[in-house]
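Have a look at the structure first.

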Amino acid sequence: MSAYKDEDPRIHGIRTKIRVVPNFPQPGIMFQDITTLLLDPKAFKDTIDLFVERFKGKNISVVAGIEARGFIFGPPIALAIGAKFVPLRKPRKLPGEVISEKYTLEYGSDCLEMHVGAVKPHERALVVDDLIATGGTLCAAMNLLGSGAVEREAIVRANRVPLTRANVTKTNHHPFQPLPHTKKERKRQENLLKCHFH
Ligand SMILES: O=P(O)(O)OC[C@H]1O[C@H](OP(=O)(O)OP(=O)(O)O)[C@H](O)[C@@H]1O
Ligand SMILES: Nc1ncnc2[nH]cnc12
């Protein structure tokens, strides 16, 4: 049963397939494991379909996937909305000229890189990853796309970590469109965005 009466029924199915592993990879972390979602073809397809329905026809020409789990959800969304796929990779994986962005994580720090020229000025990009925890990775992705002088468009999320004022603030003036969403969550998010942007 869906927790919200206005919620798309597919969202409940998706939620139940994400395994939560307490204290992994270290004490205090509630790890949201999407590998269990991938084992269920219907839930996996529903996840992709929800994102495609939301972003198709929105003039998005780039889907940027964040390594590693954005590489699972990003390509099927890109193909379905008719956009190119641009991998945002961990350091020293891309062979061409790159731009880099360092960031901090819930556990540790890391860096993302993108090939110079993969995204052209004025393209609209959708950033895809499996979840937002602190928002640090998303922020780095937005900065990479921004430094390529593209419009910053959106983020999707496929987990149940709540959107908090802290991670909205951390994403610093970037429009923020997570999924799954309900009317209640959308309202809360709009209010957070109003607080932050106006
Ligand atoms: O909001 P944040 O605090 O930045 O955390 C979210 C990021 O953390 C996870 O990736 P991780 O860095 O663990 O890499 P992996 O996908 O390669 O395991 C997740 O897939 C997001 O990319
Ligand atoms: N709580 C979490 N679950 C899964 N991956 C993560 N990456 C950072 N925080 C995470």
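Helices (H or I, at least four residues) and strands (E, at least two) are taken here as DSSP runs, numbered from the N terminus. On that count the protein has seven helices and eight strands. Keep in mind that this is a predicted model, where local features need pLDDT of at least 70, side-chain atom pairs count only at pLDDT 80 or more, and totals for chains, interfaces and linings use all residues. Residues are numbered from 1 along each chain as its sequence is written, and side-chain values use heavy atoms, with hydrogens and water left out.

**Overall picture**
- Of the 198 residues, 45% count as buried (under 20% relative accessible area, 1.4 Å probe, protein chains only).
- Take the contacts (heavy atoms within 4.5 Å) between residues at least 6 apart in sequence: 59% of them join residues at least 24 apart.

**Helix α1**
- In α1 (residues 9-17), the buried residues are Arg10, Ile11 and Ile14.
- They sit on the same side of α1 because they cover an arc of only 100° around the axis, going by the directions from the helix axis to the C-beta atoms.
- Their cover includes α2 (35-38) and α3 (41-55).

**Nonpolar cores**
- A nonpolar core is a set of buried Ala, Val, Leu, Ile, Met, Phe, Trp, Tyr and Cys residues joined through side-chain atoms within 4.5 Å.
- The largest one has 20 residues, and those touching the most other members are Leu37, Val63, Phe73, Ile77, Ile81, Leu126 and Val128.
- Two or more residues of this core come from each of α1, α3, α4 (70-81) and β7 (124-128), with α3 giving the largest share, six residues.
- Another core, of 18 residues, lies apart from it and includes Leu88, Met114, Val119 and Leu138.

Key. Chains lettered and ligands numbered in written order. Buried < 20%, exposed > 50% of the residue type's maximum accessible area, 1.4 Å probe, protein only.
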